[in-house]
Amino acid sequence: MKGKTFLGAVFAILLIVGLGTDLYAQPIRVITTVPDLSDITKQIGKELVNVESLTRGVEFMHAVPVKPSFVPRLNRADILVVMGLDLEASWLPALLEAASQPKILPGQAAHIDTSVGVAVAEVPQSIDRAGGDVHPKGNPHYNLDPHNGRIMARNIAVGLSRNYPQHKAAFDKNLDAYLAELDNAIERWQTVAAPLKGVKFVGYHGDWAYFAKRFGLQQIGTIESKPGIEPTPNHLIALTQKMQQEKVQLIIYGPQSDRFPRQLASQTGARVVRLQSTAGALPDTDSYIKFIDYNVKSLLAAMQKG
Ligand SMILES: [Zn+2]
């Protein structure tokens, strides 16, 4: 009897140790669509997660060149974190179909959409996909407002806890620490970005709407005639006139060619500035906070030039 109890206890200990070792030895495999989300997931998951982003911050998010390696990476994922609002609509659904990993599909527990709870800008009255509009659910570039970074972080923490409730306390603690760090940065940006208030600009794409609203810049127009649609000559003529009338100071572009920005700059005297619409492309933008920092600093530097 005594021996049986002893053996039972040994088995129980082995089982607990074995389970515990397994849980801690295998980090949760997280795939994110953009580097912003991989950075924030690392801040919240720390040593419990192994995170990779499919894109590197150099791509135009509506036309990401898909690599064959994306499929096995998605197939092995425990969690998928996406921006949502159709930002990934042109490339992710086909990959998800090929990856055969049902638990990360939209609507499933392991599919974390960080746009939940975001006040979406520019929601169209009627959806016109036929016209090629790549923002059918409204503007999906909400990551450029750091206040939305708080929502993204919270959604990631909630999503991780939903799938791994045994680590909820750790995720919550790391979330609080990250939000405190982000809040400090937001306070700093509100102060240093004060000279950007009222600055008139033209964006290449519509990525700058949330950033502009947060920091008080005024978007006069976009080089694209519609989100995702390259300009016609007539659109550029009308835009040039508007830029001259409104005395537009800056032209902001991102991963696109600088051809149209330079052309408009030479015709209007506005300055050209290249910014990042997701984190990751440069050493100065390898975290979400550094990426917002980079954009604020680059805009201030562009304003001071000349
Ligand atoms: Zn867009």
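Two residues are taken to be in contact if their C-beta atoms, placed from the backbone, lie within 7 Å. The structure is a predicted model, in which local features need pLDDT of at least 70 and side-chain atom pairs count only at pLDDT 80 or more, whereas totals for chains, interfaces and linings use all residues. Residues are numbered from 1 along each chain as its sequence is written.

By this contact criterion, Asp207 touches His141, Leu144, Gly254 and Ser277, residues up to four places away in sequence being left out of the count. Asp207 is located in the loop between strand 5 and helix 7 (209–215); helices (H or I, at least four residues) and strands (E, at least two) are DSSP runs, numbered from the N terminus. Asp207 counts as buried because it has 26 C-beta neighbours inside 10 Å. A residue is termed buried if 20 or more other C-beta atoms lie within 10 Å of its own, exposed if 12 or fewer, and partly exposed in between. The C-alpha atoms of Asp207 and Tyr253 are separated by 9.1 Å, although these residues stand 46 residues apart along the chain.

Across the protein chain, the secondary structure comprises 10 helices and eight strands. Of its 306 residues, 38% are buried. Among contacts with a separation of 6 or more, 60% are accounted for by residues 24 or more positions apart.

In helix 9 (residues 259–268), the buried residues are Pro261, Leu264 and Thr268. Viewed down the axis of helix 9, these residues fall within an arc of 70° and therefore line one face of the helix, the arc being that of the directions from the helix axis to the C-beta atoms. Arg259 and Ser266, on the other side of helix 9, are exposed. The buried residues of helix 9 pack against strand 5 (200–203), helix 8 (233–246), strand 7 (250–253) and strand 8 (271–274). Gly269, with a positive phi near 80°, follows helix 9.

A further packing arrangement involves helix 2 (residues 35–45) and helix 5 (residues 146–163), whose axes come within 10 Å and cross at roughly 55°. Axes are lines fitted to C-alpha atoms, for helices over the stretch in contact, and angles run from 0 to 180 degrees between N-to-C directions. Leu37, Ile40, Thr41, Ile44 and Gly45 in helix 2 meet Met152, Ala153, Ile156, Ala157 and Leu160 in helix 5. The residues of this contact comprise eight nonpolar, two polar and no charged; Ala, Val, Leu, Ile, Met, Phe, Trp, Tyr, Cys and Pro count as nonpolar, Asp, Glu, Lys and Arg as charged, and the others, Gly among them, as polar.
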